[in-house]
2 protein chains.
Amino acid sequence: MRVSELVARSGVPLATVKYYLREGLLPPGRATGATQAVYGDDHVRRLALIRVLVDVVGLSVQRTRDVLGAIDEPGDSVYEAIGRAVAALPPAAERRDDYPRTRALLERHGQVYDPGFAAVAQLERALEAADAAGTPYDDAHLDAYARASRIIAEADLARVPRTSPEAAIEYAVIGTAVGDPLLAALRRLAQQDAAAGSIDREVGRG
Amino acid sequence: MRVSELVARSGVPLATVKYYLREGLLPPGRATGATQAVYGDDHVRRLALIRVLVDVVGLSVQRTRDVLGAIDEPGDSVYEAIGRAVAALPPAAERRDDYPRTRALLERHGQVYDPGFAAVAQLERALEAADAAGTPYDDAHLDAYARASRIIAEADLARVPRTSPEAAIEYAVIGTAVGDPLLAALRRLAQQDAAAGSIDREVGRG
């Protein structure tokens, strides 16, 4: 297809498509002349992915490039490529040598503690923030979260396509990026549903 | 306590404390002279809350003020004040008149659909993003998420202090703000745990 059709099908404005081409986020089309190129369905799908990363997640161009790099060059392990791609998504967290709170939690749950996992640093930062705010998490609260996270992760993993490494990594990235705000919204709705009609009575205001 | 002790106990630099005082995020201390004031434990707690909202969540000063306003002037309903405070937290979503995807989902689950809830707009935006990326959520996937969200919400709600409206709203804000990245990290760790050793074999690369 011509670039005009790529714009129409993707809904991404021409100036933005050109910007993504220039920045190397979108691979070039097949040249059909000095100033013309044709694009394929891969380009439509790549644009949809870029929009999720830039618009929904709010990633920078550099971070988006990191994610796309893990999809385009997965290496020998899909598992590790997913890890690299997802590590570029929020929540941001500084890397260190050790994460004592997270280590204790994962060991209690019989899960592998690997300080190289981005999510380990992310979890430590959240646990520290709760402590600093004077509302530390108790073990039973974290256990409930871990149980819920297991349900979520299994539902996610069941839907990862097994057709190719690229498809698997791309799905994992979109599912993680879109699933986070989706789960945050569902959590708030479930809280409202559970609190409606009781919380005011219980704090003596209903 | 003097402002120097407030700085020491909160870990927030003096210039930042003064900035929060100027912006009205931190209430003034009790004046003890033309240029001196004393501060209380309330100020230490308020600073911890502001740091969560600004540093962990990344809220603007205006959004932070909205959250604090709901705590300081809860009105007649704690439930509604929590709703107002939490609505100022991410994920951001444009408000509209109707949210058909979310309405269908909530009706299927027997939950109240109220287009005035910020979380309804947030959920719709996430569902739209998944559709636009070519990876729409199926009902069974969303049902698993809803089940997990119920576990999370009930664990959260059980820990909301019933001592005062202010304490309840403050806890709900911190728990929502810190809980989101914490749950995102736990989701990633559960995904890694569930995928380890299987995903590569299944996509024919192991």
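**Two chains, one predicted model**

Q: What pLDDT does chain A average?
A: This is a predicted model. Chain A averages a pLDDT of 92, and 99% of the residues score at least 70.

Q: Where in chain A is confidence lowest, and where highest?
A: Helix α10 of chain A, residues 199–202, is lowest, at a mean of 81. Helix α8 of chain A, residues 139–158, is highest, at 97.

Q: And what ipTM and pTM does the model score?
A: ipTM is 0.92 and pTM is 0.92.

Q: OK, the two chains. What rotation superposes chain B on chain A?
A: A rotation of 180°, with 0.0 Å of shift along the axis. The RMSD is 0.0 Å. The two copies are thus related as by a two-fold rotation axis.

Q: Which residue of chain B comes closest to that axis?
A: B:Ala148, with its C-alpha at 2.2 Å.

Q: Do the copies meet through the same surface or different ones, and why?
A: The same surface, because 100% of the interface residues of chain B are also interface residues in chain A.

Q: What is B:Leu182 in contact with, sequence neighbours aside?
A: Leaving out neighbours within four places in sequence, the contacts are A:Leu123, A:Ala126, A:Leu127, A:Tyr137, A:Leu142 and A:Tyr145.

Q: Where does A:Thr135 sit?
A: In the loop between α7 (118–132) and α8 of chain A.

Q: Is A:Thr135 buried or exposed, and why?
A: Buried, because its relative accessible area is 17%, and the cut-off for buried is under 20%.

Q: What does A:Thr135 touch?
A: Not counting residues up to four places away in sequence, A:Thr135 touches A:Ala130, B:Tyr171 and B:Ile174.

Q: Helix packing next. At what angle do α5 and α9 of chain A cross?
A: Roughly 35°. The axes of α5 (residues 78–87) and α9 (residues 165–195) come within 10 Å.

Q: Left-handed or right-handed?
A: The crossing of α5(A) and α9(A) is right-handed.

Q: Which residues make the contact?
A: From α5(A), they are A:Val78, A:Ala81, A:Ile82, A:Ala85 and A:Val86. α9(A) brings A:Pro165, A:Ala168, A:Ile169, A:Ala172, A:Val173 and A:Thr176.

Q: And how do α5 and α9 of chain B pack?
A: At an angle of about 35°, with their axes 10 Å apart. α5(B) passes α9(B) in a right-handed crossing. Residues making the contact include B:Ile82 of α5(B) and B:Ile169 of α9(B).

Key: Residues are numbered from 1 along each chain as its sequence is written. Chains are lettered from A and ligands numbered from 1 in the order in which they are written. This is a predicted model: local features need pLDDT of at least 70, side-chain atom pairs count only at pLDDT 80 or more; totals for chains, interfaces and linings use all residues. Side-chain values use heavy atoms; hydrogens and water are left out. pLDDT is the predictor's confidence in each residue, from 0 to 100. Helices (H or I, at least four residues) and strands (E, at least two) are DSSP runs, numbered from the N terminus. Copies are superposed by least squares on the C-alpha atoms of residues with pLDDT of at least 70 in both. Contact means heavy atoms within 4.5 Å. Axes are lines fitted to C-alpha atoms, for helices over the stretch in contact, and angles run from 0 to 180 degrees between N-to-C directions. A crossing is left-handed if the near helix is turned anticlockwise from the far one by less than a right angle, and right-handed if clockwise. Buried means under 20% relative accessible area, exposed over 50%, partly exposed in between (1.4 Å probe, protein chains only).
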